[in-house]
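Here's a walk through one protein model, feature by feature. Have the sequence and coordinates open while you read.

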Amino acid sequence: MVAAATAGAVLAAAVGGGAGTAAPPASDHRSPAAVLQHGLDDLRDLGVSGAQGLVRDANRVTVARSGVADMDTGAPMPVDGYFRIGSTTKTFVSVVLLQLVGEGRIGLDDPIERWLPGVVEGNGNDGRHVTVRHVLQHTSGLYDATNDLAVLRSADGFLAHRLDHYTEAQLVAIAMRHPPLFAAGTHWSYANTNYLLAGMLIKRVTGHLWYGEVRSRILAPLHLTHTFYPGDRPTLPQPHAEGYRQFAPGEPLVDTTIFNPTVTASAGGLVSTTSDMTRFWQALARGQLLRPGQMAELHRTVLADGFQAIRPGIRYGLGIMWIPNRCGGSWAHVGSMPGMSTLAAVTPGGKRSTVLYLATELADPDRATAVIQRQMVLLDDLICG
């Protein structure tokens, strides 16, 4: 999810309904391994080149894979390969800012202008009225800069611009060419611009780049040795699956593996594995990363207006989503970068976490809808099983 279209892409593809492969009924008592494998096989049959998933229940780990890592060679999908996690990066960035809040170094209700003077201004944008909380909760009203990038809009644009370098400041400046969508705090609208600003805030408060703070505050303490920010490096370590994206209905899949992730940076640039991600989500839910006061702020949600057609009751906190399900609900986030999409979730309290990774993004409405519907049902079966 590199654009608002991509942060919503994993979820928003489902708007409008559609039928997919039948999922196991709620009463199905098969093992988590069987449920996970069946779900991934269904996703493969719906047109996803390859998929992998991991469920961590306490310390018991279940993994599965389906499909191929490379459509040319037919190499099998890796069990725990590297991939770009897209907007799930936002949860890491929010945790860092909330840690800084807990240390008294910045306030959630501080205006952006206080920390980044002159950055949010022009065309009706006013950083005096946009707060840190608005940014983390997507209630700022700011335009999503990544909507304007040719690299994300077409196959030709991607091939021409996939190695381009971007800075957070450059991307925020693109957003400032547009008026705000609404007055800050009055509505909800997903925008990568918010978390580009969050990365800039971390640098201003700490003097260190956002990914350095993510590494020292989260990755190192949790020993997440397979999660990192690659900067301008457009390749992925081995093992990994090739990513494929269909940019428009009826068009062929494009291999999007070679790509410069600075296009989203602090809004979506991290690389990880399913194993690292489930451990992160469990640690977060168990209170290992935030003090109780900041955990409460993390979980203070508003209705995610743009996602209600997918599942009524989806809400958004500070870099985290609440997805209701038949057993109550889970804390989660979705993410995508061209050709790679992620859905990560954890039960309240952190007993069970799961991460699903798909190596294909489809644009044909029926198939995209079927994929997201099957993915959401699989998530429910794994979280509630």
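## The loop between H10 and E6

Histidine 223 is found in the loop between H10 and E6. Helices (H or I, at least four residues) and strands (E, at least two) are DSSP runs, numbered from the N terminus. Phi of histidine 223 is near 60°, a positive value in a residue other than glycine. Is histidine 223 buried or exposed? Histidine 223 counts as exposed, with 57% relative accessibility; the cut-offs are under 20% relative accessible area for buried, over 50% for exposed and partly exposed in between, using a 1.4 Å probe and protein chains only.

Proline 239 lies in that loop between H10 and E6 too. A cis peptide bond joins glutamine 238 to proline 239, with omega at about -5°.

## Ground rules

Keep in mind that this is a predicted model: local features need pLDDT of at least 70, side-chain atom pairs count only at pLDDT 80 or more, and totals for chains, interfaces and linings use all residues. Residues are numbered from 1 along each chain as its sequence is written, and side-chain values use heavy atoms, with hydrogens and water left out.

## Aromatic pairs

A search of the whole structure turns up 13 aromatic pairs. Rings of Phe, Tyr and Trp (its six-membered ring) pair if their centres lie within 6.5 Å; planes under 30 degrees apart count as stacked, over 60 as edge-to-face and the rest as tilted. Take tyrosine 211 and tyrosine 229: their ring centres are 4.9 Å apart and their planes sit at 35°, so the pair is tilted. The pair links distant parts of the chain, 18 residues apart, with tyrosine 211 in helix H10 (residues 210-222) and tyrosine 229 in the loop between H10 and E6.

Tyrosine 211 is partly exposed, at a relative accessible area of 28%, while tyrosine 229 counts as buried at 15%. Elsewhere, ring pairs link Trp188, Tyr190, Phe307 and Tyr316 into a cluster.

## The eight-stranded sheet

Eight strands form an open sheet with antiparallel pairing, in the order E2-E1-E14-E13-E12-E11-E10-E9. E2 and strand E9 (302-303) stand at the edges with a single partner strand each, so one side of each is left without a neighbour in the sheet. Two strands pair if DSSP finds at least two bridges between them.

Strand E1 (residues 50-57) and strand E2 (residues 60-67) run antiparallel, joined by eight bridges. Glutamine 52 has arginine 65 in E2 as its bridge partner. E1 and E2 make a hairpin with two residues between them, and alanine 58 in the turn has a positive phi of about 55°. Alanine 58 counts as partly exposed, at 32% relative accessibility. Further into the strand order, strand E13 (residues 340-346) and strand E14 (residues 352-358) pair in the antiparallel sense over six bridges, and leucine 343 stands opposite leucine 356 in E14.

## The three-stranded sheet

There's also an open sheet of three strands, ordered E7-E6-E15, and its pairing is mixed. Its edge strands are strand E7 (254-255) and strand E15 (360-361), each pairing on one side only. Strand E6 (residues 244-245) pairs with E15 in the parallel sense over two bridges; arginine 245 has glutamate 361 in E15 as its bridge partner.

## Helix H4

Helix H4 (residues 89-102) has 14 residues and reaches 20 Å from its first C-alpha to its last, close to the 20 Å expected at 1.5 Å a residue. That expected span is 1.5 Å times one less than the number of residues. H4 is mostly covered, with 13 of its 14 residues buried. Glycine 104 follows H4 and has a positive phi near 75°.

## One cavity

How many cavities of 30 Å³ or more does the structure hold? There is one, and the largest cavity has a volume of about 40 Å³. On a 1 Å grid over the protein atoms alone, a cavity is a set of points where a 1.4 Å probe fits but cannot get out, and lining residues have an atom within 4 Å of a point. Grid points are joined across faces, edges and corners, and a volume is the space filled by probe spheres set on the points.

The lining of the largest cavity includes Trp281, Met295, His299 and Trp331. Helix H11 (274-285) and helix H12 (292-298) each supply at least two residues of that lining, and H11 gives the most, with three. The lining residues divide into eight nonpolar, one polar and no charged. Here Ala, Val, Leu, Ile, Met, Phe, Trp, Tyr, Cys and Pro count as nonpolar, Asp, Glu, Lys and Arg as charged, and the others, Gly among them, as polar.

Definitions and conventions: On a 1 Å grid over the protein atoms alone, a cavity is a set of points where a 1.4 Å probe fits but cannot get out, and a pocket is an open set with protein on both sides within 12 Å along at least five of seven lines; lining residues have an atom within 4 Å of a point.
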